[in-house]
Amino acid sequence: MEESNSIKLIRKSPWLFHFNSGGCNGCDIEVVAALTPKYDVERLGAVLTASPKHADILIITGPVTRQTAGSLKMIYEQMADPKIAIAIGTCACSGGVFRGGYNVLGGAEKVIKNVICIPGCPPNPRQIFAALKKLYENKLEEEKNDGGSKLTKE
Amino acid sequence: MGAVSLPKSDGTTVKLVPSESIVDAVKEIATTHPHLVGITAVHADSNIELLYSFDNFRGELRHLRVILPDKQPSIDSISGILLGAYIYEMEVRDMFGVNFNGHPLPNTRLLLPDSYPAGAPPPLLKTVTMDQLMKLLDSVQELQPPSPAIPITGSSRYSAESVVILPFGPYHPALKEPEHFALALEGEKIVEARPRIGYVHRGIEKLAENRTFLQALFLVERVCGICSFHHSWTYTLAAEKLLGITPGARAEYLRTLVAELERIHSHSLWIGLLGYWAGFDSMFMWLWSARERIMKLLEMIAGNRVNKSYITIGGVRADVSDEKLKIVQREIEEFKKEFKKISEAVMSYEPLWERTKNIGSFTAELAISAGAVGPTLRGAGIPYDIRKIEPYGAYPDLSFEVITEKGGDVLSISTVRVKETFESIRIIEQIVEKIPSGNPVPQTFFMGTSKEGEAFARTEPPRGELYYYLRGKVGSRNPYRVKIRTPTLPNLVLAAEALKGYTLADVPLILTMIDPCFSCEDRAIVYVKGMEPLMVKLPRSVPANLSLGCPI
Ligand code: SF4
């Protein structure tokens, strides 16, 4: 798999696959809230898919536990290129409050490279929407060059 | 020194029982107190203390305490008397290495995989530190996906040809969280269901022992994002009992307000998901959009929607102004109208009715034996609600009904949840009217040290009774032991039983029935490496009993 530093969406309808790697459910319900009427990421053509093989974006919530690490790697590998991984919530970014627990490996970057991080415990659906919108408009890169980005991380 | 007795003001009694006579003692207590609240284990002074807690559905708790040596501890299983005990015993077995004789699943380590290093010490023993555990587990860590199945050791009473073991999960479109079930199918029909949990285990109980009382509060809040406030509240109640702190009346009201808002958001979330699993997507969207009103209120009060960190030991972290309370009043009125419209529409929709009636049926006896709690138990007609039987917060001043239904199936549990939402609205209306003045914020946040002793607390989160046990050692800044018994654990025992006899297509609905929250349940469970490769071919001979059910 080639690793590129530029995070760009190819399709205009990014499909999502949601992976809970050990979270507390907080991030998960906020992801679902972002899909439902008030925020409605479907406006960006995004839908939740049931299979990683159909997805463009992998959404990871929760700290990576020893038990889920293998599945996370496998599911990411099953996605077709080009693909993007987004870590939603402080836990998925770094392990968060659970860092140091014997069963917690840390953030999603322990397993996959080039993860976009949206910190927050949990991030507001507004933030999730904003991040997806930036991706949709392919603005993420510019943001980063401004030096003011909270979103990208390499 | 061994056992410290629980505060007597609770009216609770602890009886010391020799380990040989535990079965007789439980048999006797179960005739009057059939609800097993939990089995708490504590490792102290080279002993493992087991505390069995029972309730008679009226809040008169009784406890049995057994003291075992920490070298090869062993005791008889009580799962033959109360079905739900088997899952608590497994938890203790995995976390403390206690052997339960006569356990229905003696070799199946439901929580701890067979590949856990055999001689490794159980994680919650005081003699093993977090660093040692880390080192040990890192040395066996592999980036291999776990084999997606549960070894059904032994064999079955079903003939090998007719039964297929179907792995369900851990990552399955019908599960919002990673969990695994092995379903034994005969054609379409489920004859056996065995849950395998532990995917989102984060080791919170061990982590909490390494943090101060205040830090642990933020940790336990994150046991579960949906009932986060109830986790922090229950922990705070136990800590306040232990440390001898009483919050002011306004703080109690504000805590109750946030808790009830949380119940409304959780129940509407659940009713929405029910629609989703039943193939009624607009119901899902309607409810989730109505729920946003409540989320907005929570954000206004606490500053965050989900993990609110609103409570603190001795009070709450911020007051709510009168203007904000007015907004609460106004918004809750609006929500009531909206919710009424939606719930009338969906609950009178015949296809939904037919899809949920007589699905996942269970009897009240089974529910009691499994130890089920919350709307699941109330859906079978038992009015067990901690807010009523052991009032805490502002509940003694507020009037509300405990909702029960007769059916014991998905439909009646849904009805309970719909009606409870209206009761919660009623409670919030009263809170806004009655709330006393005063300062709910403590002068300083608790940074002190503990007293010697133990305390427990219970609350009623949206999913049912939640139990926390705290042990303190004098002069220590950290809790010595935090034990969490979440509602999903006993409810899961019931769901696994209720699945039997239904078809594969009903699985999402029946599992949703109990409103499972695996993040809650898993915090206490160690999971290190994959399970054995699945797809066990069922052996032809018939040794062990495949059934999860224990004779009652
Ligand atoms: S970031 Fe916060 S809300 Fe998200 S999984 Fe972690 S603890 Fe839960």
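This is a predicted model: local features need pLDDT of at least 70, side-chain atom pairs count only at pLDDT 80 or more; totals for chains, interfaces and linings use all residues.
Residues are numbered from 1 along each chain as its sequence is written, chains are lettered from A and ligands numbered from 1 in the order in which they are written, and side-chain values use heavy atoms, with hydrogens and water left out.

**Chains overall**

- Chain A holds five helices and seven strands. Helices (H or I, at least four residues) and strands (E, at least two) are DSSP runs, numbered from the N terminus.
- Along the sequence, chain A reads β-α-β-β-β-α-β-α-β-β-α-α.
- Chain B holds 17 helices and 14 strands.
- Of the 154 residues in chain A, 58% are buried. Buried means under 20% relative accessible area, exposed over 50%, and partly exposed in between (1.4 Å probe, protein chains only).
- Of the 552 residues in chain B, 64% are buried.
- In chain A, 82% of the contacts with a separation of 6 or more link residues 24 or more positions apart. Contact means heavy atoms within 4.5 Å.
- In chain B, the corresponding share is 72% of the contacts with a separation of 6 or more.
- Chain A has an accessible surface of about 5,900 Å², with 50% belonging to carbon and sulfur atoms. Accessible areas come from the Shrake-Rupley method with a 1.4 Å probe; for residues, only the protein chains shown count as cover.
- Chain B has an accessible surface of about 18,500 Å², with 54% belonging to carbon and sulfur atoms.

**Four-stranded sheet of chain B**

- This open sheet has the order E1-E4-E3-E2 (chain B), and its pairing is mixed. Two strands pair if DSSP finds at least two bridges between them.
- Strand E1 (13–16) and strand E2 (35–44) of chain B form the edges, each pairing on one side only.
- From one strand to the next, the twist averages 25°. Axes are lines fitted to C-alpha atoms, for helices over the stretch in contact, and angles run from 0 to 180 degrees between N-to-C directions.
- Eight bridges pair strand E3 (residues 47–55) of chain B with strand E4 (residues 62–69) of chain B in the antiparallel sense.
- Glu49(B) has Ile67(B) as its bridge partner in E4(B).
- Helix H1 (residues 22–32) of chain B packs on the sheet and touches E3 and E4 of chain B. The direction of H1 makes about 170° with that of E4(B).
- Helix H2 (residues 85–96) of chain B also packs on the sheet, touching E2 and E3 of chain B. The direction of H2 makes about 10° with that of E2(B).

**Helix H2 of chain B**

- H2(B) has 12 residues and spans 16 Å from its first C-alpha to its last, close to the 16 Å expected at 1.5 Å a residue. The expected span is 1.5 Å times one less than the number of residues.
- H2(B) is mostly covered, with 12 of its 12 residues buried.
- Its buried residues include Tyr86(B), Glu89(B), Arg93(B) and Phe96(B).

- Helix H9 (residues 322–347) of chain B has 26 residues and reaches 36 Å from its first C-alpha to its last, close to the 38 Å expected at 1.5 Å a residue.
- Buried residues in H9(B) include Leu325(B), Phe335(B), Phe339(B) and Met347(B).
- The cover over the buried residues of H9(B) includes helix H7 (249–277), helix H8 (281–302), helix H10 (350–356) and helix H14 (410–434) of chain B.
- His267(B) lies in helix H7 of chain B. His267(B) is buried, at 0% relative accessible area.
- Leaving aside neighbours within four places in sequence, His267(B) contacts Pro375(B), Arg417(B), Glu420(B), Thr421(B) and Pro462(B).

**Three-stranded sheet of chain B**

- This open sheet has the order E12-E13-E14 (chain B), with antiparallel pairing.
- Its edges are strand E12 (453–459) and strand E14 (481–485) of chain B, each pairing on one side only.
- The twist averages 10° from one strand to the next.
- Strand E13 (residues 466–472) of chain B runs antiparallel to E14(B), joined by five bridges.
- Tyr468(B) has Ile484(B) as its bridge partner in E14(B).
- Helix H6 (residues 228–243) of chain B packs on the sheet, touching E12, E13 and E14 of chain B. The direction of H6 makes about 145° with that of E12(B).

**Cysteines**

- The count is zero disulfides over all chains. A disulfide is a pair of cysteine sulfur atoms within 2.5 Å.
- The sulfur of Cys93(A) is 3.7 Å from its closest cysteine sulfur, in Cys117(A), so it is too far for a bond.
- Cys93(A) is buried, with a relative accessible area of 11%.
- Cys24(A) counts as buried at 10% relative accessibility.
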